[in-house]
Amino acid sequence: MPESKAENLEVKKGSPIIESLAEKNINPELLLKQRISEMQDGIAGFEQDGISRIDNANNSVGLTAEDVEKIKSEEGIDKQRVDNLGRAKAIANKLIAMGMAIMAFSGAGNFEKVKHSEMNGEGLVDEFLTEEEMQREIQEDKKNRSIKKPRFIKQEGGLSEQERRAIEEYEKAKDNLDKFNEKIAEEEKERKRNDDPKISAERVRNVFKFHIGSREYFDKLKIEFGGDAKKAKDVQRERLKYLEKVKVDFAKMENMNGRFLGIPDDINTHIPPWLLKAWINFKLGINGVGGFYNPLEEKVTLPDYRNDGTAQHEFLHASTKANVGITEKAKKIFKNSYKKIGSKEDRYLSNPTEMLVRKQKLDILMVERGIKKYGEKFTEKHYEELMKLYNEKGTLSRDVRDFIKTTKPEDFKKIFNEIASNEDKKSNFVEQV
Amino acid sequence: MDKYQNNKEKVVEIERIYKEYLDQMNELKKAQNKLIDDYIYKLEEKKKEEIMKKFD
């Protein structure tokens, strides 16, 4: 908030509407929500008006389609209209960001402060122990238990046979119990190791490196390049390089949307979650992100808990550096096979990088569920089996459902038989994931 | 600063931003309308040209 707040108030005295809103003690968060919604509607209307006027003129003027196309191209009308739309979006984008700043920096507000006390090291912080502290506590506890535990007091020459056997039994049982506890602790350690987000993310990356580097993957790429082995090899190398190079970062889920928008975590906690969602919706047409890949920084950001599905999704984006490494042929196939669902999500889901990732997730699923073996051609039978699963609610991941929902049924064969994927029988990769 | 004053300042800022958006959008709408008007004019000119050719 600028220092000249009070001055601004003075300046705005001339605006009766603003004054009256301010005087009525309107909730600023609700007001901002409404204004952003109006901006989004305004931009959608702006785009639609432009398209409708041009379409009406094209249809009613009575010229041939060729003539209309020629004038359109000479005037650059489509390009200019898209540029204008881009400008409109940039204005709204900037203003939404300013709205965020107001909510974040203008002092005590009514909005949520997510786990504020934890972030500032107040209140709850004592309840959490570091790994080191935890180990120290365990050792302390062991020591205390060994002091307190009941013991058989040996009296020289005074033990009966029964007592001696009882002691032996006790020692045996104690050994067994110790071994059992060790085994449990070992299993727990292994489980934790498997659930470690860093370890599981690296495992996913390694599995994909193995696949993309495989002969079978190369063969599919060759088909994409009409048999050009050199090009296929170059692209294969490039994808391996992207995958190898990509950095991995982790974020708490409550900070994920903010991270995607480039907002530091400490500021993010002061911004209402709905506002972050509105901004992401405005940018992508979806309400939030569970992880993301930034091609400029060559970095994937994943949740700070194990989530192999998200790791697969983001590493797959990284392997083609989003759209940069996708072949023109694949882009064309995806463009022609996209089936609109008539919502804002169309913009996001029809992006070739999103379609390719979802297609590859479906490849994994088909191997996992024994629907299609590696090297097998995609047929009607496979499609029917997929549709059966699709109609059984709750059995497929969101990525896979999105792909089936937005792909023209007649184009499945083309997509699965002609675009390189990450399936590989020999590597047995599904089990490894 | 009390809550009422704080909210009031936020409302003023939000409305200032919204007004800025409306002003800039109005300019953009004008520019787009002119662009489309020019385009329609070109289409109509072409049509006139076509019709005139028939009378030549």
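Colleague: Hi! Which are the buried residues of α12(A)?
Modeller: Hi! They are N255(A), M256(A), N257(A), G258(A), R259(A) and F260(A); buried means 20 or more other C-beta atoms, placed from the backbone, within 10 Å of the residue's own. Helices here are DSSP runs of H or I with at least four residues, and strands are E runs of at least two, numbered from the N terminus. This is a predicted model, where local features need pLDDT of at least 70, side-chain atom pairs count only at pLDDT 80 or more, and totals for chains, interfaces and linings use all residues. Residues are numbered from 1 along each chain, with chains lettered from A and ligands numbered from 1, in the order written.

Colleague: What do those buried residues of α12(A) pack against?
Modeller: In chain A, β1 (247–251), α13 (265–268), α14 (273–284), β2 (292–294) and β3 (299–303). After α12(A) comes G262(A), with a positive phi near 80°.

Colleague: Switching topic, how many residues has the largest nonpolar core?
Modeller: It has 57, a core being buried Ala, Val, Leu, Ile, Met, Phe, Trp, Tyr and Cys residues joined through C-beta atoms within 7 Å. Among those with the most contacts inside it are I96(A), L243(A) and F315(A).

Colleague: And where does this core lie?
Modeller: Between domain 1 (5–111) and domain 3 (197–432) of chain A, because both give residues to it. A second, separate core of eight residues includes L362(A) and V400(A).

Colleague: How many residues of chain B are in contact with chain A?
Modeller: 33, in contact with 42 residues of chain A; contact means C-beta atoms, placed from the backbone, within 7 Å.

Terms used: Two residues are in contact if their C-beta atoms, placed from the backbone, lie within 7 Å. A residue is buried if 20 or more other C-beta atoms lie within 10 Å of its own, exposed if 12 or fewer, and partly exposed in between; C-beta atoms are placed from the backbone. Domain bounds come from an automatic or database domain assignment.
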